[in-house]
Number of protein chains: 2
Amino acid sequence: MRDFSPLEMKRRNFILDTIKTVYQRYGYRQIETPAMENLSVLEGKYGEEGDKLLFRMLNSGPVLEKIHNQKSAINHSDLTEKGLRYDLTVPFARYVVMHQNEITFPFKRFQVQPVWRADRPQKGRYREFVQCDADVIGSDSLLNEVEMILMMDEVFSKLGLKMNIRINNRKILSGIAQVIGEENNMMNITVAIDKLEKAGMEKVIEELKSKGVSDEAVKKLQPLMEFKGANKETISFLGNFLADSGSGKKGLEEINFVLNTISTFNIQHSTFNFDMLLARGLEYYTGAIFEVKLNDSRSSFTGSLLGGGRYDDLTGIFGMPGVSGVGISFGVDRIYDVMDEMKLFDELNLQSSGAQVMFVNFGDEEVKSCLQMAQQLRKAGINAEIYPDAAKMKKQLSYADSNKIPFVVLVGSEEIKTGLLSLKDMRTGEQGNFSLEKLIEKILTAESQGRGENE
Amino acid sequence: MRDFSPLEMKRRNFILDTIKTVYQRYGYRQIETPAMENLSVLEGKYGEEGDKLLFRMLNSGPVLEKIHNQKSAINHSDLTEKGLRYDLTVPFARYVVMHQNEITFPFKRFQVQPVWRADRPQKGRYREFVQCDADVIGSDSLLNEVEMILMMDEVFSKLGLKMNIRINNRKILSGIAQVIGEENNMMNITVAIDKLEKAGMEKVIEELKSKGVSDEAVKKLQPLMEFKGANKETISFLGNFLADSGSGKKGLEEINFVLNTISTFNIQHSTFNFDMLLARGLEYYTGAIFEVKLNDSRSSFTGSLLGGGRYDDLTGIFGMPGVSGVGISFGVDRIYDVMDEMKLFDELNLQSSGAQVMFVNFGDEEVKSCLQMAQQLRKAGINAEIYPDAAKMKKQLSYADSNKIPFVVLVGSEEIKTGLLSLKDMRTGEQGNFSLEKLIEKILTAESQGRGENE
């Protein structure tokens, strides 16, 4: 697990605030759920592997004594009854069922909270990490899918990342399985073809056969795996391929609607593609499937930075069946790592985490004036600090330097007399004298230019 | 533990953002630490009671099987090695020691994260709650105390709360104990007089005597407990009382500096008082002690909404002695409850959590135009949503109403033809026709007026 330094926080907050702002622009509303849930809520929801990775709380009270004194066999529930949030989806489902009478559906919610997994730590995988989800629940409309794509494009373009947004539909995958005569083998097929990019055709065919997919079916699949074409060509190719599958045709219709609607927008920063084999190996998707990967020569990272899709029955498990939902989740840690690798934080002027201005401390008398002036700066929206001790000038300037404070103000007895303050730009070394009013103006201008570069 | 609804989140975020912004204005920088710490970091730091209230994690892996197979006695560490954050102060101390080589002192940090305590749930006490701390570490300067008082005043006045800010100094309490001849009984004395307000004089005297404070000492204390006076009178009274105590005189000098410096500012919204008996019962304070309570006839809540003080040795426990610090902590949950009770969220225009505008959905054709227009609104900084399904008008308007969306836009075929959109103000029922440009202007004006009322 990690500590986040002020600079890391500044950069993480930039990413999170960008995502949160876009979610809100589209009418999503934030909720939070507690870190701990009853194990009955969590267990069995993430597969066998997930159950192993749940963090469980030791029951409160003298558990050890209880165990020592207990004559009957010790049960798991004697030790633990609660666990930590493993993702945001299951707690959200629990929330919707529990608060169904307070919610007016469709419910557009977003949630940004840490989750915990008892994974072996490794590069890019953490035991505590933030998830950043938006879901609409209680609406079948494909407008939700359309707006989610617009949100992705907006977030990534604000972050300065060029992406490839891919979409598929689970009904198309079902249709394909049906057409090749392997309807009951669909999960195995999607798991196998999900590896096409990484493992290559040969390995995928091997896996398909090992999972009992017939030679004939593999032969029928092969042209799909080899197919390369733009969105329109894929649609027309599949129109023929899926002609006999009701489910396939429905999926194609849905994809068509989304592609047509998105084509009326200017998706500038990202490419947007229909990928008929995109599966993401997640059993619960029933409609749209989203995946977004980097499409930028400045980084070789190949993992996905966003995933999502539509699920027909999220809350059924908690006793509220038949409510459809669609959601997306940004991979914040990966986005951070990629932006760091590409040095985007420098371009975005996110090199400093502290005040914009430091007043040098020349002693009690001068500080009295600085305190008043600092309040004026703060009122104008400038983050300002006064070095708290009348330390040596060198020490004070080195503090400003280490903390990358861009401006230093020097107010000695001379400056108090004349009312002209000495302002030093720490990045250029330039120094000049300004009235308080002009000094505020100068700093605000410098800051808005800094921000201006990002937009 | 609690779920937070969108409206609660909106209001909580308002409080947290207000505090965070003020912290940043004064040059404080945010850090975060992980939810889990090794038990060796946490245990023994919060007293016996605190150790009982720590949430501990069950070790990962097949703990139960291990216990069953183990021949030797089961130790606590066989069950658990990590616990959840109990406060932000101890993890901060651990952070400072661990990262001391990366930090340029003085280090002004703030931290806003949840903490967990296995307390019995009761009104106003939660097992998971957010703490909101700012500390300066590595500076003895009383300027830090001064600026902290300015921060308190600024935060509470932005929240619309009238407060009574009280300050004392631990050295004054030591001086008093010294003067009455009970230097070694100081903790018992401060614990007892801390109850003066709630329990009354008689009970306090009873407790003092039961803790072995001599009759003579109690007699000497009594005039202090009965004393009522403004800051200047208290100072002059104590000047005499503490004349023979070096520690007491030092404390008085420090208080004097803070009072004099603060007097040059316009503390408008709050009263600011020196309270020579304020103790807050916390052993580790060595200098300033802060406590802020409500001073507002609209609520009868008497608990404190902020506490803090100076401690001479926070990091010594982790092997880095002699580093002085001073910090404050806002009680966010209590602030929320009080603001709710006083209906301040209504005054602050925080009644709605969702979009500012909803486009009614008349069907696929009309929606195409709405999608484009919604993008224009969003670009202008307006949170806008389109009802995702072409449901009955009544249902759509009732969704807007339940979610307290202030404006609804109706775009039918007629509106598309003329380019004049129908805008309905859901609060007044007023309806009018506007070009897209004028409509954006109108909504932005309404919003800035809403915000304007708060400032």
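This is a predicted model: local features need pLDDT of at least 70, side-chain atom pairs count only at pLDDT 80 or more; totals for chains, interfaces and linings use all residues.
Residues are numbered from 1 along each chain as its sequence is written, chains are lettered from A and ligands numbered from 1 in the order in which they are written, and side-chain values use heavy atoms, with hydrogens and water left out.

**The interface**

- Chain B gives 82 residues to the contact and chain A gives 82 residues, where contact means heavy atoms within 4.5 Å.
- Six salt bridges are counted between chain B and chain A, a salt bridge being a side-chain nitrogen of Lys or Arg within 4 Å of a carboxyl oxygen of Asp or Glu.
- One of the salt bridges joins the side chains of A:Arg94 and B:Asp3, with an N to O distance of 2.7 Å.
- Polar contact links 36 residue pairs across the interface of chain B and chain A, both residues being at pLDDT 80 or more; the term stands for a pair of N or O atoms within 3.5 Å, where within protein one must be able to donate a hydrogen and the other to accept it, and residues adjacent in sequence count only if both atoms are side-chain atoms.

**How the chains are related**

- Chain B is superposed on chain A by a rotation of 180 degrees with 0.0 Å of shift along its axis, at an RMSD of 0.0 Å, and that is the relation of a two-fold axis; the superposition is by least squares on the C-alpha atoms of residues with pLDDT of at least 70 in both copies.
- Of the interface residues of chain B, 100% are also interface residues in chain A, so the copies meet through the same surface.

**Sheets and strands**

- Chain A holds an open sheet of eight strands with mixed pairing, in the order β1-β5-β6-β11-β10-β9-β7-β8, and its edge strands, β1 (29-30) and β8 (271-274), each pair on one side only.
- Two strands pair if DSSP finds at least two bridges between them, and helices (H or I, at least four residues) and strands (E, at least two) are DSSP runs numbered from the N terminus.
- In chain A, strand β9 (residues 288-294) runs antiparallel to strand β10 (residues 304-311), to which five bridges join it; A:Lys293 has A:Ser304 in β10(A) as its bridge partner.
- In chain B, β1(B) pairs in the parallel sense with strand β5 (residues 107-116) over two bridges, and B:Gln30 has B:Phe110 as its bridge partner in β5(B).
- A hairpin is formed by β15(B) and β16(B), with five residues between them, and B:Gly429 in the turn has a positive phi of about 85 degrees.

**Local features**

- A salt bridge of 4.0 Å (N to O) joins the side chains of B:Asp340 and B:Arg11; B:Asp340 lies in helix α15 (residues 332-341) of chain B and B:Arg11 in helix α1 (residues 6-25) of chain B, so the pair ties together parts that are 329 residues apart in sequence.
- A:Phe105 and A:Pro106 are joined by a cis peptide bond with omega of about -5 degrees, and A:Pro106 is placed in the loop between α6 (89-98) and β5 (107-116) of chain A.
- A:Lys343 is not a glycine, although its phi is positive at about 60 degrees.
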